[in-house]
Amino acid sequence: MAVRPIRKILIANRGEIALRVIRTCREMGIRTVSVYSAADRTAPHVLAADEALPIGASPSRESYLHTGRILAAASASGADAIHPGYGFLSENPEFARSVRDAGLVFVGPSPETIASMGDKTAARALAAAAGVPTVPGTAGAVSAGPEAAGFCTRHGYPVLVKAAAGGGGKGMRIVREENELISSLRAAASEARSAFGDERVYIEKYFEDPRHIEIQILADSRGNTIHLGERECSIQRRHQKVVEESPSVIVDEAMRNRMGETAVMVARACGYQNAGTVEFLVDGDRNFYFLEMNTRLQVEHPVTELRTGLDLVALQIRIAAGADLPFTQEGIRFSGHAIECRICAEDTENNFLPSTGKITHLRAPAGPGIRDDRGVAQGDEIGVYYDPMMAKLIAWGGTRAEAIARLVRGLREYELLGVRTNIPLCLFVLTHPMFAAGDTTTHFITKYFTPGTLRAGLPLEEEAAAAVCALIAREMEQGRSPVLPAPSGHWRGRRSDFLRGR
Amino acid sequence: MSTYHVTVNGKELTVRPGADGSVSLDGKEQIHDVKRVSLTEFSVMIGTRQIKVIVSADDEGFDVIAGDFRGRVSVESERGRLLRRYARSTGESGARLEVHAPMPAMVVKLEVDVGDEVRAGQPLIVLEAMKMENELLASGSGRVKAVYAIAGKAVEKGELLLLLE
């Protein structure tokens, strides 16, 4: 493939990932085009772009998931390429095909590859055919009948019911006993239908205390395919990753090479081009099994960037433009340890309910070894339309202990008010002795976390908080408080309302 | 001097703010040097301990970061407390449980109908916000008296969704 210059990229996304892509484009001298929904006219990804075009109403379906409007924006702005980020349309083969048909470069793999890896049962079959170990599971989609029951009896309970079109934990159910199987299959199919418009589900053997370890790969249009080592993403809550790190404490060089070679086999088997991630489940005996391949940039890609010194977005753009990988596997050097945590607008103390509102105060941490990938700014409104992830905080250290210490320090420095965040949960995980010991399995949070563990007393801090709040309450009563929420916010009723202390 | 009952981390403190940045806590003449740094930022000295306090007010109280403490703080004035006690003693409707939307959301599904008997902990309504489905559970047992939520419709934070009795 001839090298095709890319001078202007439209980013079909929002939030921190849109900003991440814009930053690299700036460094490469590429002009950037943002698209925005009605709610996002002044969002950070719009303010950072060279050009910006509206693409519809606030719900994603009418904007960030609207292929026609995104293509129209690309055409109107004269963009050469579209970067899909992650989520939204990034793994939608029809979108990738429409981009190609419009004569634009899609920064990602071909629509055919996305389609072959998007169907999780087909992806498993493809990996198995390439000689890659997979988690024992049904060959294809199953209905609530004897085939399903037969598989479970042969392999034993517990089993996991998953959506064939799935991802993100939707349509997923653990079944521990035979009498729960039929109802779980029906419930998962119904959830899958509403989430993905596809009710097919399949069954896998369920491992009790596994680790989730994934391999980053890169492949150019000439078939050069390499891996950039692993990321362990075992710390999850309801199948959503919370903390990600590299290296994994259980992966040594030999295991890294074996997993890397296996990931490269999967990528070659589906004709992969661009950056991708092969996910594995690892059992207590360090056996690894192929789970799925993500055909896009991952949320947690900065972990790999800090450890390899590479810019994955720049490499994605170069590969999409037809350039060869500028290095071979032997040229990849790993250094130190990197850990990321996802900062989400959710209330750690109140069952992780999504938290909405205006960010009234925001100051992100800085200093040695800290990277702040953030998609929100002070004054932004966190609404109900999009994912609750606001930012990622990533730390690098020479050793795992140093990376942990830096990330903990960064989280303690993080000042964000107006919406509740999961920072207390991140701190809980990172300061837990079992995390330090490397006992990181996918059940870490269910095993160790209860909201009560956060209530350790900090008597002086609590007194200081009480003193300041009483001072402000007095100001409010006297009608001279500058801290009163703006009238445009959710403030209702009279000033004395909040003093009732609900 | 006004008195406030401040609830922080499940504990209640009686706080009397004095003049020029001094505050007494729980009746003790514990003087704090409170300096305002910006609209929302304060520096509190307790002895030589310096604690940075950042505050955001909303219609339900305060969102606070004070050193390593992060959480909600609620404040009730002495007068407000007396009014509330009075209201309670004159008898508000007692045995009704109102279920309000905890956040702006979309109603996905109604799990109960008018007339249903529900137990505490039973799912009542499924709401979706930020791509996540959340079940609203009954905080007590009773019979569903009225359902105001409509599947597929958006609701505002605090909107009355359902009534139990």
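The radius of gyration used here is taken over C-alpha atoms, and the globule rule that goes with it is 2.2 Å times the number of residues to the power 0.38. For the 502 residues of chain A, that rule puts a compact globule near 23 Å, and chain A comes out at 24 Å, which agrees. Its C-alpha trace spans about 75 × 55 × 45 Å along the principal axes.

Before going further, a word on how to read all this. This is a predicted model, where local features need pLDDT of at least 70, side-chain atom pairs count only at pLDDT 80 or more, and totals for chains, interfaces and linings use all residues. Residues are numbered from 1 along each chain as its sequence is written, while chains are lettered from A and ligands numbered from 1 in the order in which they are written.

Now look inside chain A. You'll find 16 helices and 22 strands (DSSP runs numbered from the N terminus, H or I of at least four residues for helices and E of at least two for strands). Buried residues, those with 20 or more other C-beta atoms within 10 Å of their own C-beta, placed from the backbone, make up 51% of the chain. Take the contacts in chain A between residues at least 6 apart in sequence: 65% of them join residues at least 24 apart. A contact here means that two C-beta atoms, placed from the backbone, lie within 7 Å.

On α4(A) the contact is made by A:P93, A:A96, A:R97 and A:R100, and on α5(A) by A:P111, A:I114, A:A115 and A:G118.

Next comes the meeting of the two chains, where 49 residues of chain A are in contact with 57 residues of chain B. The largest share of chain A's side, 16 residues, comes from α16(A).

How far can you trust the picture? The model scores ipTM 0.83 and pTM 0.83. Chain B averages a pLDDT of 83, with 90% of its residues scoring at least 70; pLDDT is the predictor's confidence in each residue, from 0 to 100. Over residues 89–94 of chain B, pLDDT stays under 50, and the model has 1 contact beyond four places in sequence for them. Where pLDDT is low, the predicted coordinates should not be read in detail.

Note on methods: A residue is buried if 20 or more other C-beta atoms lie within 10 Å of its own, exposed if 12 or fewer, and partly exposed in between; C-beta atoms are placed from the backbone.
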